[in-house]
Amino acid sequence: MNARLDHRNPLVFDTHELGRRPGALQRLSRSVPAPSDLGIAGVIAVPESAPVELELRLESVMEGVLVSGTARATAEGECVRCLEPLTREVKADIQELFSYHDADDRGRPKAEPGDDAEDEDTLFIEDGLFDLEPVLRDAVVLALPMQPLCQEDCAGLCPECGVRLADEPGHHHDAVDPRWAALQGLAETVKDGEKDDMDGAGFGTDEKQEK
Ligand SMILES: [Zn+2]
Ligand SMILES: [Zn+2]
């Protein structure tokens, strides 16, 4: 955390106006472009540069600045069952203390046993500035579903042919004597071929077909 903070970075906030008098309060709203990889990699995330609406409350306390509020954005991903693209409104709760270096030096002796883990997580105010980005990241990840679904009861894909079951209510395959299954598969390939281009190579699972 030695890199100097850049006040032009939209996720860097200035506490000079707030001042250091404990109890001082400042509310602010800011719309910022989402940093890259804001979300759960490969599952669901806020697209880079998409707007993130921040509503924050900065409160001056003895040891630093307590930041609380919300971040709202729209995340994009795909359903884990049927792979349909989906979007989610995210409302992430933010609550974090940014400490003054001097307060930390003074108030908390370094060799406090059992305090190491906490120390590593401590976020600091640098030259009156603090960087909300790591806090925003954690908050957004927490607010996102690990297993997003297009709908609560998404039935997923047909295990036999890969069709999206929600698109075809009542979709089923007649249970067939396994000895006939191969033949039936052949017949279906021909049927599909008639609809499309007769190339019959795709035996079995159709890749997800856009209509
Ligand atoms: Zn789904
Ligand atoms: Zn099927």
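Two strands count as paired if DSSP finds at least two bridges between them. Helices (H or I, at least four residues) and strands (E, at least two) are DSSP runs, numbered from the N terminus. In these terms, strand β6 (residues 64-78) is joined to β5 by nine bridges, the two running antiparallel.

The model is a predicted one, in which local features need pLDDT of at least 70 and side-chain atom pairs count only at pLDDT 80 or more, while totals for chains, interfaces and linings use all residues. Residues are numbered from 1 along each chain as its sequence is written, and chains are lettered from A and ligands numbered from 1 in the order in which they are written.

**Overall composition and confidence**

- The chain contains four helices and nine strands, arranged along the sequence as β-β-β-β-β-β-β-α-α-β-β-α-α.
- Of its 211 residues, 17% are buried; a residue is buried if 20 or more other C-beta atoms lie within 10 Å of its own, exposed if 12 or fewer, and partly exposed in between, with C-beta atoms placed from the backbone.
- Two residues are in contact if their C-beta atoms, placed from the backbone, lie within 7 Å. Among contacts with a separation of 6 or more, 63% link residues 24 or more positions apart.
- The mean pLDDT (the predictor's confidence in each residue, from 0 to 100) is 84, and 73% of the residues reach 70 or more. Over residues 109-113 the pLDDT falls below 50, and this stretch makes zero contacts in the model beyond near neighbours in sequence.

**Strand pairing**

- Strands β2 (residues 25-33) and β5 (residues 51-61) pair in the antiparallel sense through nine bridges. Within this pairing, Val-32 has Val-52 in β5 as its bridge partner.
- On the β5-β6 side, a hairpin with two residues joins the two strands, and Arg-57 stands opposite Ser-68 in β6.
- Strand β6 also pairs with β7, in the antiparallel sense and over 15 bridges. Val-67 stands opposite Glu-96 in β7.
- The hairpin formed by β6 and β7 has six residues between the strands, and Leu-83 in its turn has a positive phi of about 70°.
- Strand β7 pairs with β8 in the parallel sense over three bridges, with Leu-123 in β8 as the bridge partner of Phe-98.

**Nonpolar core**

- A nonpolar core is a set of buried Ala, Val, Leu, Ile, Met, Phe, Trp, Tyr and Cys residues joined through C-beta atoms within 7 Å. The largest one here has 26 residues, and those with the most contacts inside it are Val-46, Ala-71, Ala-73, Ala-75, Val-90 and Val-140.
- Two or more residues of this core come from each of β4, β5, β6, β7 and α3. The largest share, five residues, is that of β6.
- Beyond residues up to four places away in sequence, Ala-73 touches Ala-34, Val-46, Ala-50, Pro-51, Val-52 and Val-90.
- In soluble globular proteins, nonpolar side chains tend to be buried together.

**Helix α3**

- Helix α3 (residues 133-143) has Leu-136, Ala-139 and Val-140 as buried residues. They lie on the same side of α3 because they cover an arc of only 95° around the axis, the arc being that of the directions from the helix axis to the C-beta atoms.
- An α-helix has 3.6 residues a turn, so residues three or four places apart point the same way.
- The cover over the buried residues of α3 includes β3, β4 (44-46), β6 and β7 (85-100).

**Thr-74 in strand β6**

- Thr-74 belongs to strand β6 and counts as partly exposed because it has 14 C-beta neighbours inside 10 Å.
- Apart from neighbours within four places in sequence, Thr-74 is in contact with Val-46, Ala-50, Thr-87 and Glu-89.
- The C-alpha atoms of Thr-74 and Pro-51 are 8.1 Å apart, with 23 residues separating the two along the chain.

**Aspartates with positive phi**

- Asp-37, in the loop between β2 and β3 (38-40), has a positive phi near 55° although it is a residue other than glycine. Asp-37 counts as exposed because it has 11 C-beta neighbours inside 10 Å.
- Asp-127, in the loop between β8 (123-125) and β9 (129-131), has a positive phi of about 50° and is not a glycine. Asp-127 is exposed, with 11 other C-beta atoms within 10 Å.
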